[in-house]
Amino acid sequence: NKIMAQCSSEVTHLLTKFSEALAKVITALNEPNLRKLREAYHFVENVDKQSDRLKSNVNSVINKLEDSSIENGHFYVQMVDHLRGLSNAVMYIAKPSFDHIDNNHKPLIQVQTDELTDLVRMIRSFITEARTTINKGQYEDLDKLALDQQRILKFIDTYRKNQVKRI
């Protein structure tokens, strides 16, 4: 279906943009480079607006779908919801990162930089897998993605605990 192909393309495009945005923010934070962080934050804002537009247009997209694509339409709605959640998460990283450097706080220590770099690598790998799943229409791989997501969340929990111990 042409409409679902376009929807998949939009979702995978935004996933790519979020991956890029996250990498830009963390790289600028790790350096620390206020100019690059400002640019990264504006990039994140732009991607956030794009995901918001997708969310705003969900009803019109669903109305255009053929009856045979309704199940895929449900998947599309879920993906757009997840994109909005991803957008909020990346904004939640970008803004405090920018504020941290803009307020002349101390730069991150090496272990923090290493943990963030590892986390970004894991998230970018996850996003690549998600894009592949969507592009190939291999929705049976969603269980594997859910397991990968849980693994990432465990790493985040571990990194948070490590950070608390450093305080």
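This is a predicted model: local features need pLDDT of at least 70, side-chain atom pairs count only at pLDDT 80 or more; totals for chains, interfaces and linings use all residues.

Author: Start with a pair of helices. The axes of helix α1 (residues 2–30) and helix α5 (residues 110–136) come within 10 Å and cross at roughly 170°. That makes α1 roughly antiparallel to α5, because angles over 145 degrees count as roughly antiparallel.

Reader: What divides into nonpolar, polar and charged in the contact of α1 with α5?

Author: The residues of that contact do: twelve are nonpolar, eight polar and three charged. From α1 come S8, V11, T12, L15, T16, S19, E20, L22, A23, I26, L29 and N30. They meet T113, L116, T117, V120, I123, R124, I127, A130, R131, I134 and N135 of α5.

Reader: How are two packed helices described in general?

Author: By the angle between their axes and the distance between the axes.

Reader: Which residues in α2 are buried?

Author: First the general idea. An α-helix has 3.6 residues a turn, so residues three or four places apart point the same way. Now the case here. The buried residues in α2 are L37, A40, Y41, F43, V44, V47, D48, S51 and L54.

Reader: Why does D48 count as buried?

Author: Buried means under 20% relative accessible area. D48 has 16% relative accessibility, so it counts as buried.

Reader: With which side chain does the side chain of D48 make a polar contact?

Author: With that of R84, at 2.9 Å. Leaving aside residues up to four places away in sequence, D48 touches R84, S87 and M91. D48 itself lies in helix α2.

Reader: Step back to the protein chain. How many helices and strands does it have?

Author: Six helices and zero strands. Read along the sequence, the pattern is α-α-α-α-α-α. The C-alpha atoms fill a box of roughly 55 × 30 × 20 Å along the principal axes. Of the 167 residues in the chain, 35% are buried.

Reader: What share of the contacts with a separation of 6 or more comes from residues 24 or more positions apart?

Author: In this protein chain, 78%.

Definitions and conventions: Residues are numbered from 1 along each chain as its sequence is written. Side-chain values use heavy atoms; hydrogens and water are left out. Buried means under 20% relative accessible area, exposed over 50%, partly exposed in between (1.4 Å probe, protein chains only). Helices (H or I, at least four residues) and strands (E, at least two) are DSSP runs, numbered from the N terminus. A polar contact is a pair of N or O atoms within 3.5 Å; within protein, one must be able to donate a hydrogen and the other to accept it, and residues adjacent in sequence count only if both atoms are side-chain atoms. Contact means heavy atoms within 4.5 Å. Axes are lines fitted to C-alpha atoms, for helices over the stretch in contact, and angles run from 0 to 180 degrees between N-to-C directions. Angles under 35 degrees count as roughly parallel, over 145 as roughly antiparallel, 65 to 115 as roughly perpendicular and the rest as oblique. Ala, Val, Leu, Ile, Met, Phe, Trp, Tyr, Cys and Pro count as nonpolar, Asp, Glu, Lys and Arg as charged, and the others, Gly among them, as polar.
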